[in-house]
Amino acid sequence: MSQPVRIETDDGVRSIILARPEQYNTITPELRDALSAAIDDADADPAVRVMLLRADGPAFCAGYGLDWATEYQAGAEAEQVWDSAKDYRMMSGFVDTYLKFWYAAKPTIAAVQGWCIAGGTDMVLCTDLIVAGENAVFGYPPSRVWGTPTTAMWVYRMGFEKAKRYLLTGDEIPARTAAEIGLIGECVPDDRLTEHAFGLAERMAKLPGNQLEMLKLLCNQTVENMGFASSRTLGTFLDGVARHTGEGQAFVSRAGQVGFRQAVRERDEPFGDYGSRPREENR
């Protein structure tokens with residue numbers, strides 16, 4: 001069985017690579033655990049100055065693997081009434097892994113291609129810097145039904161107006177727009193994405209490790225002082241609430257009837273984006 005995450009190290013840069021390309025690098029408990037271990041190893045390795053999060057295949061991360069996630073909720077509901085504390089603990093296991101990019105002493109950069117949506121944004125927005133190829137698309141379609149952003153980074157990244165604009169619609173955000181509104185740092189040609197992101201990581205790695213750690217801590221502390229801890233606690237809890245509303249339960253039931261891909265397609269079809277876009281228009 002192939003590993004969901006692989007690593008490479010070169011010139012002080014540790015590449016952590018999501019390696020489920022056939023599944024669009026969707027998030028599973030196995031990927032979460034492998035990612036958590038990879039971040040810990042990189043942060044503890046004195047030969048590593050910077051971490052670079054990359055992904056194999058056409059998509060960076062299309063969110064949670066809804067096959068196991070909807071089955072998990074359906075099974076839990078069959079056994080008992082929703083246990084909000086149990087659900088919060090379960091989701092916190094994923095959130096705590098994404099936050100390792102934020103709380104790692106060393107800088108973290110993400111290089112994003114294709115879809116980076118839903119839970120994929122919860123992950124990538126915890127990195128320090130994001131570089132995307134021109135074909136990348138960001139967004140949080142579960143805001144339409146069955147979720148809220150757990151790590152709650154949207155407002156901190158781009159402010160109230162833009163965060164509300166995209167969360168209250170779930171609309172997709174092309175990479176160039178994402179860079180313009182401050183969701184990500186840079187948008188580059190697709191064929192230069194890896195080279196550009198690695199070059200940026202190498203440039204950072206020229207600084208003394210202690211300087212990198214102090215500067216990152218200084219910048220991040222501003223966000224901590226703005227209430228980041230309470231925001232992500234609320235985001236993680238409300239994600240569970242959103243998955244157990246009448247509409248959320250209906251989504252899970254529909255996924256059980258027609259499959260999660262069709263249920264997602266039906267959710268997004270009125271908006272004409274993401275997987276509901278006509279095949280020839282999909283990026």
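Reader: Where does Asp-11 sit, and what makes it exposed?

Author: Asp-11 is in the loop between strand E1 (5–10) and E2. Helices (H or I, at least four residues) and strands (E, at least two) are DSSP runs, numbered from the N terminus. Exposed means over 50% relative accessible area, buried under 20%, partly exposed in between (1.4 Å probe, protein chains only). Asp-11 has 53%, so it counts as exposed. This is a predicted model: local features need pLDDT of at least 70 and side-chain atom pairs count only at pLDDT 80 or more, while totals for chains, interfaces and linings use all residues. Residues are numbered from 1 along each chain as its sequence is written, and side-chain values use heavy atoms, with hydrogens and water left out.

Reader: What is the phi of Asp-11? And is Ala-118 buried or exposed?

Author: Asp-11 has a positive phi of about 55°, although it is not a glycine. Ala-118, not a glycine either, also has a positive phi of about 55°. Ala-118 is found in the loop between strand E5 (115–117) and helix H4 (119–124). Its relative accessibility is 9%, under the cut-off, so Ala-118 counts as buried.

Reader: How do you know that Arg-14 and Asp-45 form a salt bridge?

Author: A salt bridge is a side-chain nitrogen of Lys or Arg within 4 Å of a carboxyl oxygen of Asp or Glu. The closest N and O atoms of Arg-14 and Asp-45 are 2.8 Å apart. That meets the rule, so the pair is a salt bridge. Arg-14 lies in strand E2 (residues 13–18) and Asp-45 in the loop between helix H1 (29–44) and strand E3 (50–55), so the pair ties together parts that are 31 residues apart in sequence.

Reader: Why is Arg-14 called buried, and Asp-45 partly exposed?

Author: Arg-14 has a relative accessible area of 7%, so it is buried. Asp-45 has 23%, so it is partly exposed.

Reader: What makes Arg-176 and Glu-134 a salt bridge?

Author: Their closest N and O atoms are 2.4 Å apart. The pair links distant parts of the chain, 42 residues apart: Arg-176 in helix H6 (residues 175–180), and Glu-134 in the loop between strand E6 (129–133) and strand E7 (137–139). Arg-176 has a relative accessible area of 45%, so it is partly exposed. Glu-134 is partly exposed too, at 35%.

Reader: Which residues of helix H11 are buried, and how do you know that they share a side?

Author: In helix H11 (residues 260–268), the buried residues are Ala-263, Val-264, Arg-267 and Asp-268. They cover an arc of only 125° around the axis, so they are on the same side of H11. The arc is that of the directions from the helix axis to the C-beta atoms.

Reader: Why are Arg-267 and Asp-268 called buried, and what is the distance in their salt bridge?

Author: Arg-267 has 13% relative accessible area, so it is buried. Asp-268 has 1%, so it counts as buried. The closest N and O atoms of the two are 2.9 Å apart. Arg-144, Arg-165, Asp-171, Arg-267, Asp-268 and Asp-273 are linked in a network of salt bridges. The whole structure has 16 salt bridges.

Reader: What makes a nonpolar core, and how many residues has the largest one?

Author: A nonpolar core is a set of buried Ala, Val, Leu, Ile, Met, Phe, Trp, Tyr and Cys residues joined through side-chain atoms within 4.5 Å. The largest has 60 residues; those with the most contacts inside it include Leu-18, Val-112 and Phe-138. Helix H3 (residues 84–103) gives the largest share of this core, 8 residues. Apart from it lies another core, of 14 residues, among them Val-13 and Leu-52.

Reader: Which residues form the nonpolar surface patch, and why is Leu-238 called partly exposed?

Author: Val-81, Trp-82, Leu-234, Phe-237 and Leu-238 form the patch, with about 460 Å² of accessible area together. Patch residues have over 30% relative accessible area and no salt bridge; like charges are joined within 9 Å, nonpolar side chains (Val, Leu, Ile, Met, Phe, Trp, Tyr) within 5 Å. Accessible areas come from the Shrake-Rupley method with a 1.4 Å probe; for residues, only the protein chains shown count as cover. Leu-238 is in helix H9 (residues 228–243). Leu-238 has 35%, so it counts as partly exposed.
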